[in-house]
Amino acid sequence: MKKKVKAAVLEEPEKINIQEFPYPKLDESCILVKMEMSGICGTDKHLYKGENKFYVGTIRETTAPYPIIQGHENYGVVAELSQKGKKKLDFYGEELKVGDRVVMGCDVNCGTCYECRHGFGYNAWCRNFKTYGVTISCKNYPHLFGGWAEYMYITPDVDIYKVPDGLLPEEAVLTELIANTYALDKAKEFYAMPNEGFASMDTVLIQGVGPLGLVSAIKARILGAGNIIVFDKSEYRIEMCKKFGADYGVNVDKTSKKERIEIIKDLTKGRGPDVILDCIGIGEVFLEGLELLRNGGLFIEQGAHAETGETVAFSPHRHLLAKSARIIGMNNHPSWGYVPTMELMLKYKNQFPFSEIVTHKYKIDDAKKAIEKSMDLDTIKVVITP
Ligand SMILES: [Zn+2]
Ligand SMILES: [Zn+2]
């Protein structure tokens, strides 16, 4: 048995150090997962920059406590199961065994608060939530609550999902990310009302095609989008997105807002996109999206994941009432979305080379380099391996 477990610890903003923790003794019904791969997400970049306030202004407002072992997009192998307490089962009630390949639900909900009891389901509601790799400090034993480590300690309240045969590590590690595209499934639900939401062959505009924007384009295509238009600053990311099914790419650094309004009018017979996803989350992008949206169109905000203090000049008339805009915020994904997401990758892997979304790999020792690289625009998904 190993004596020590190596992990990358974000001790304070911009300060990552490699530390060793004791190999933990498992409490009742807990498991230990040997990490194989863990993704770097926008939330990790916020934490790294010191933007550690999430869900601000809500009952679940949280300040993430440093030091943290980051990593919430996690793929690994069951290394050890507690012999005491109830047997640890996967999400669908199947017994877990040593050697099972698994991904974990990073958000842990209490199951008993008002929001949990009312079955809101998307991991965006529980008021007593905690998130591995984000809101749990590694200060206290057993420390290992994030994926940028050799092992991760899984408590009994965590959802675990078995990875199907045939899914590569580079695909399994994308599960949590792609589960976030349930924002588009939500947009489909709004189509229950005539001419609202996301109908077949609707035009979808995605503002910002980093990892979330890119996988949203794939999901939009699979769900029956018509034209998919993407905006980004990075030619690399736009080209990558076209390879994965986007029809038109617009470089926002090479066009003015006025030009973009004209381009969108041309592509939508003057109407504007039916559905817009903001995967950036800065004020001017949000307002531009609302100005481009068609009358009665659906705007999904899913980029503004941390409180940065920025506010915008929102006009209740111009941006909302005048065009009967439908604006929804989606900050997370449903716990039942993981297995269908893995099945989606298996089903469509010949059409979409998902594993190519992982563009850069770094070892735990180089976690600082990894997170800094992930901020470059010539990357899509940067991952950390032990
Ligand atoms: Zn994330
Ligand atoms: Zn709850």
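**From the zinc site outwards**

Reply: Let's begin with Cys 41, which is buried at a relative accessible area of 16%. Buried means under 20% relative accessible area, exposed means over 50%, and partly exposed is in between (1.4 Å probe, protein chains only). Keep in mind that this is a predicted model, where local features need pLDDT of at least 70, side-chain atom pairs count only at pLDDT 80 or more, and totals for chains, interfaces and linings use all residues. Residues are numbered from 1 along each chain as its sequence is written, chains are lettered from A and ligands numbered from 1 in the order written, and side-chain values use heavy atoms, leaving out hydrogens and water.

Me: OK, and which atoms coordinate the zinc ion (ligand 1)?

Reply: For a metal, you look for donors: N, O and S atoms within 2.8 Å of it (3.2 Å for Na, K and Ca), and sites may look incomplete, as water is not among the atoms. Here the donors are SG of Cys 41 and NE2 of His 72, at 2.1 to 2.3 Å. Cys 41 sits in the loop between strand E3 (31-39) and helix H1 (42-49), and His 72 in the loop between strand E6 (68-69) and strand E7 (73-81), so the pair ties together parts that are 31 residues apart in sequence. His 72 is buried too, at a relative accessible area of 4%.

Me: What is Glu 73 in contact with, leaving aside its neighbours within four places in sequence?

Reply: Contact means heavy atoms within 4.5 Å. Glu 73 has a whole list, including Cys 41, Ile 40, Val 173, Glu 176 and Lys 381. Glu 73 belongs to strand E7 and counts as buried, at 1% relative accessibility. Ser 38 is another of its contacts: the C-alpha atoms of Glu 73 and Ser 38 are 5.3 Å apart, although 35 residues separate them along the chain.

Me: Let's zoom out. How many helices and strands does the protein chain have?

Reply: Helices (H or I, at least four residues) and strands (E, at least two) are DSSP runs, numbered from the N terminus. This chain has 12 helices and 20 strands. Its radius of gyration is 21 Å, close to the 21 Å that the globule rule gives for 386 residues, so the chain is as compact as a globular protein of that length. (That radius is taken over C-alpha atoms, and the rule is 2.2 Å times the number of residues to the power 0.38.) The C-alpha trace spans about 65 × 45 × 40 Å along its principal axes. Buried residues make up 55% of the 386. Of the contacts between residues at least 6 apart in sequence, 70% join residues at least 24 apart.

Me: How do I read burial along a helix?

Reply: Check each residue in turn. In helix H9 (residues 283-292), eight of the 10 residues are buried, so the helix is largely enclosed by the rest of the structure. Among them are Phe 286, Leu 287, Glu 288 and Leu 290. In H5, the buried residues are Tyr 182, Ala 183, Leu 184 and Ala 187. Their cover includes helix H4 (175-179), helix H6 (211-222), strand E16 (275-278), strand E17 (298-301) and helix H11 (338-348).

Me: And is Lys 233 buried, partly exposed or exposed?

Reply: Lys 233 is partly exposed, at 49% relative accessibility. You'll find Lys 233 in the loop between strand E14 (228-232) and helix H7 (235-243). Beyond its sequence neighbours within four places, Lys 233 contacts Asn 251, Val 252, Asp 253 and Leu 377.

Me: What about backbone angles?

Reply: Look at omega for cis peptide bonds. One joins Tyr 66 and Pro 67, with omega about -5 degrees, and Pro 67 lies in the loop between strand E5 (62-63) and E6. Another joins Tyr 141 and Pro 142, with omega about 5 degrees; Pro 142 is in the loop between strand E10 (130-131) and strand E11 (151-154).

Me: Which value does phi of Asn 195 have?

Reply: Phi of Asn 195 is near 65 degrees, a positive value in a residue other than glycine. Asn 195 is exposed, with a relative accessible area of 60%, and sits in the loop between helix H5 (182-189) and strand E13 (204-207). Phi of Glu 14 is also near 65 degrees, and Glu 14 is in the loop between strand E1 (4-12) and strand E2 (15-22).
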